[in-house]
Amino acid sequence: MAISVATRLLLLLAAAVALTAPVSAWRRPMRVTVYVQEYLGNGSETTEKVLVRGPGPVNYHQNIYPPNNFFGDTLVMDDLVTESLDNTSAPVGRVYGTYMLSSMSRPVYVVSFTLQLTTGRYNGSTIVMGGIDERLAVVDHAVIGGTGAFLGAQGHVLSKLVHAYSPTHVVMELDVYASVPVPWTQAEKEAPTSPFIIDH
């Protein structure tokens with residue numbers, strides 16, 4: 001039986017709609033804003049320490065501060081995360097990670113860090129982030145994954161300095177814009193799998 005022109009057009013339109021379905025139909029947005037209490041320097045409260053001393057040369061850029069200004073210097077962080085910029089506000093997690101001075105002449109750090117949330121609706125969940133920090137007023141990093149409520153997360157995080165209690169205690173705001181896959185329904189979970197897909 002021949003298919004009419006009108007039917008063909010409807011089929012093409014349906015295919016086009018399916019192919020251009022908005023991402024939000026398959027993913028749902030998530031937003032988290034927290035504050036990282038960074039303790040710098042060499043005191044007993046320091047939460048960011050040199051892990052590896054780089055081979056050099058010395059990076060003399062004005063936004064790179066001695067003594068951690070050797071090309072390749074790598075620092076490790078274990079920073080408290082709070083619900084507001086006040087350092088006495090409720091703790092909500094930690095930020096763990098590393099950053100490495102990756103330019104010989106510019107203020108460029110390659111960073112990799114994980115936000116672990118330890119309270120509230122996201123207790124036990126993590127958000128994995130990374131990218132380049134060029135010491136700008138607002139730094140944009142990629143959200144490259146997560147666990148728990150943030151399993152399969154994609155997006156980006158904006159970080160900026162919002163308060164300095166002292167030269168060795170500063171507060172960074174992390175503003176996370178992410179999306180995660182919409183959870184499967186029970187029917188989808190119980191649907192038969194393809195015979196070509198083998199679960200291990």
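Let's start with two tyrosines: Tyr99 and Tyr109 are both buried. Keep in mind that you're looking at a predicted model. The structure holds 2 aromatic pairs, and these tyrosines form an edge-to-face pair, because their ring centres are 5.6 Å apart and their planes sit at 70°. For the label edge-to-face, the planes have to be over 60 degrees apart.

Next, the nonpolar core. In soluble globular proteins, nonpolar side chains tend to be buried together. Here, the largest nonpolar core has 29 residues. Val34, Val95, Leu115, Val143 and Phe150 are the ones with the most contacts inside this core. Which strands each supply at least two of its residues? They are S1 (27-39), S3 (74-82), S4 (91-101), S5 (109-117), S6 (126-133) and S9 (169-181).

Let's zoom in on Val143. If you skip its neighbours within four places in sequence, Val143 is in contact with Ile127, Val128 and Met129, with Ala153, Gln154, Gly155, His156 and Val157, and also with Val176 and Ala178.

Is Val76 buried, exposed or partly exposed? Its relative accessibility is 33%, so Val76 counts as partly exposed.

How values were computed. Residues numbered from 1 in each chain as written. Predicted model: local features only at pLDDT ≥ 70, side-chain atom pairs only at ≥ 80, totals over all residues. Heavy atoms only, no water. Core = buried A, V, L, I, M, F, W, Y, C linked by side-chain atoms within 4.5 Å. Buried < 20%, exposed > 50% of the residue type's maximum accessible area, 1.4 Å probe, protein only. Helix = DSSP H or I, 4+ residues; strand = E, 2+ residues; numbered from the N terminus. Contact = heavy atoms within 4.5 Å. Phe/Tyr/Trp six-rings, centres within 6.5 Å; stacked < 30°, edge-to-face > 60°.
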